[in-house]
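Come along as I look things up one by one.

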Amino acid sequence: MTKKPVYAHGKHPNTLANLIHEGRPSSEEVYGEPKKKRTLTVTESGWQGLVEASKATGCNSVSEFLELLGRSQAQLTELLVEDRETQVA
């Protein structure tokens, strides 16, 4: 009887193969540096506002929206003006 190899948690070849895919580009490919996981504490209203603002700017996620704001690639004042114009129309 052959013994099955024992792999450390997260080290099985199938697990590692699943981590390599052709999906969305990594943050290093897009921004030249890796992203770090952060914790954000906001109210439900604040979160919903972020979700709406990210959608209004064409971002796929709040994370992407905050990245653009942080890199000054999106101006918050422009977003507020656009949002007001949309609400009035």
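Before my first entry I need a term: a pocket is an open set of grid points where a 1.4 Å probe fits, with protein on both sides within 12 Å along at least five of seven lines. I also remind myself that this is a predicted model.

**Entry 1**

I looked up the second largest pocket and found about 430 Å³ of space in it. Its lining is made by 13 residues, and those closest to the centre are Lys-35, Lys-36, Arg-38, Ser-63 and Glu-67.

**Entry 1: the whole chain**

That made me want the overall layout. I counted 5 helices and 0 strands in the protein chain, and reading along the sequence gave me the pattern α-α-α-α-α. The chain has 89 residues, and 11% of them count as buried. I also checked contacts with a separation of 6 or more: residues 24 or more positions apart account for 22% of them.

**Entry 2: H3 against H4**

Next I went back to H4, which spans residues 62-70, and to H3, which spans residues 44-56. How do these two helices pack? I noted an angle of about 80° and axes 9 Å apart. Angles of 65 to 115 degrees count as roughly perpendicular, so H3 and H4 are roughly perpendicular to each other. On the H3 side, I listed Trp-47, Leu-50, Val-51, Ala-53 and Ser-54 as making the contact, and on the H4 side Val-62, Phe-65 and Leu-66.

I picked out Ser-54 and Lys-55, which are both found in H3. Are they buried or exposed? Ser-54 has 4% relative accessibility, and buried means under 20%, so Ser-54 counts as buried. Lys-55 has 63%, and exposed means over 50%, so Lys-55 counts as exposed.

Leaving out residues up to four places away in sequence, I saw that Ser-54 touches Cys-59, Ser-61, Val-62 and Phe-65. Two of these, Val-62 and Phe-65, were already in my list for the H4 side of the contact. For Lys-55 I looked up a distance instead: its C-alpha atom and that of Phe-65 are separated by 8.6 Å, with the two residues 10 apart along the chain.

Terms used:
Residues numbered from 1 in each chain as written. Predicted model: local features only at pLDDT ≥ 70, side-chain atom pairs only at ≥ 80, totals over all residues. Heavy atoms only, no water. Axes fitted to C-alpha atoms, helices over the stretch in contact; angles between N-to-C directions. Helix = DSSP H or I, 4+ residues; strand = E, 2+ residues; numbered from the N terminus. Parallel < 35°, antiparallel > 145°, perpendicular 65-115°, else oblique. Contact = heavy atoms within 4.5 Å. 1 Å grid on protein atoms, 1.4 Å probe; cavity = no way out; pocket = protein on both sides within 12 Å on 5 of 7 lines; lining within 4 Å. Points joined across faces, edges and corners; volume = space filled by probe spheres on them. Buried < 20%, exposed > 50% of the residue type's maximum accessible area, 1.4 Å probe, protein only.
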